[in-house]
Amino acid sequence: MFTRQITVQPSDVSSQGIIKLRSLLNYFQDTASIAVADIEGNTTEFVSRGYSWVLTRYEIEFIGRLPELDENFTLTTYHDPSHGYNTFRVFHLNSHDGTPSVYAKTSWLLLDLAAGRPVKPASHLPEILARDTEDISPDFRDIPDYNGETVRSVTFPVRFHDIDYNAHVNNAAYFEWVHDYAPIDLNTYRLKSICASFRSGAKLGENITLDFSQDGETTLCRIVREGVKKPSANFVCVWQKEE
């Protein structure tokens with residue numbers, strides 16, 4: 001397992017003084033990159049070798065108090081590349097006293113940029129088979145079909161700062177959109193869990209639509225790119241009232 005000590009910076013927190021969702025996911029992504037930097041190289045080196053990681057599933061459970069401004073926390077990650085084309089990666093965030101705060105599980109495909117298709121990590125990056133590996137269950141939570149009444153629909157163009165080095169919308173931006181536009185009072189409710197399934201990536205200037213349905217404390221969201229019938233991503237959020 002790879003472990004990193006982090007301190008929450010002022011730019012990472014919301015008006016409530018706790019770490020923002022986008023900042024949290026950026027920490028996850030950066031920590032994963034640091035953990036394998038001596039194998040893959042940095043991001044520019046990895047892309048120059050002809051590879052990129054593509055996210056397909058993401059689930060996050062908020063099991064404790066989120067870190068606050070200037071607070072130290074520990075982030076631990078490990079992966080399981082032994083599932084054919086799929087590589088799973090888990091993150092554990094613990095507060096400074098060791099109390100569990102956040103658990104996240106992700107699924108990735110290794111993309112051969114020249115061929116434009118996924119390849120098996122065991123064949124193309126055999127070194128990662130012996131680095132920070134643990135068995136990870138391939139099961140992810142089901143995301144219900146979007147078939148309820150749409151209570152909110154928002155359309156906007158993809159912004160410049162939503163795009164990452166791969167020229168697609170970064171996964172953290174999707175989570176931020178869903179969280180911020182959700183039809184719920186964010187001063188009263190906080191996330192208990194949020195899960196996502198990704199089909200295709202949006203690009204700069206594309207118009208996208210977020211459709212929301214709400215059933216009690218559960219929010220469903222589908223993200224649709226203009227001119228594309230199938231959703232680019234599907235989300236389910238479970239909320240709980242602040243104590």
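**Figure 1. Helix H1 of the predicted model, residues 21–35**. Helix H1 comprises 15 residues, and the distance from its first C-alpha to its last is 21 Å, close to the 21 Å expected at 1.5 Å a residue. The structure shown here and in the following figures is a predicted model. Buried positions in H1 include Leu21, Arg22, Ser23, Leu24 and Leu25. Tyr27, Phe28, Thr31, Ala32 and Ala35 of H1 are likewise buried. In an α-helix there are 3.6 residues a turn, so residues three or four places apart point the same way.

**Figure 2. Thr218 in strand E10**. Strand E10 covers residues 218–225 and contains Thr218. Thr218 counts as partly exposed because its relative accessibility is 29%, which lies between the 20% limit for buried residues and the 50% limit for exposed ones. When residues up to four places away in sequence are set aside, Thr218 touches Ser213, Val236, Cys237 and Val238. Between Thr218 and Phe73 the C-alpha to C-alpha distance is 29 Å, and the two residues are 145 residues apart in sequence.

**Figure 3. Asp70 in the loop between strands E2 and E3**. The phi angle of Asp70 is near 70 degrees, a positive value in a residue other than glycine. With a relative accessibility of 57%, Asp70 counts as exposed, since that class requires a value over 50%.

**Figure 4. The protein chain as the setting of the close-up views.** Five helices and eleven strands make up the secondary structure elements of the protein chain. The C-alpha trace spans about 50 × 45 × 35 Å along its principal axes. The radius of gyration of the protein chain is 18 Å, which agrees with the value near 18 Å for a compact globule of 243 residues. Of these 243 residues, 45% count as buried. Among contacts between residues at least 6 apart in sequence, 70% join residues at least 24 apart.

**Figure 5. Surface and charge of the protein chain.** The accessible surface of the protein chain amounts to about 12,200 Å², and carbon and sulfur atoms contribute 47% of it. The protein chain carries 23 positive and 33 negative side chains. The centres of these two sets lie 6 Å apart.

Definitions and conventions:
Residues numbered from 1 in each chain as written. Predicted model: local features only at pLDDT ≥ 70, side-chain atom pairs only at ≥ 80, totals over all residues. Heavy atoms only, no water. Helix = DSSP H or I, 4+ residues; strand = E, 2+ residues; numbered from the N terminus. Rg over C-alpha atoms; globule rule 2.2 N^0.38 Å. Buried < 20%, exposed > 50% of the residue type's maximum accessible area, 1.4 Å probe, protein only. Contact = heavy atoms within 4.5 Å. Areas by Shrake-Rupley, 256 points an atom, 1.4 Å probe, with all protein chains shown as cover. Lys, Arg positive; Asp, Glu negative; His and termini not counted. Charge placed at Lys NZ, Arg CZ, Asp CG, Glu CD. Expected span 1.5 Å × (residues − 1).
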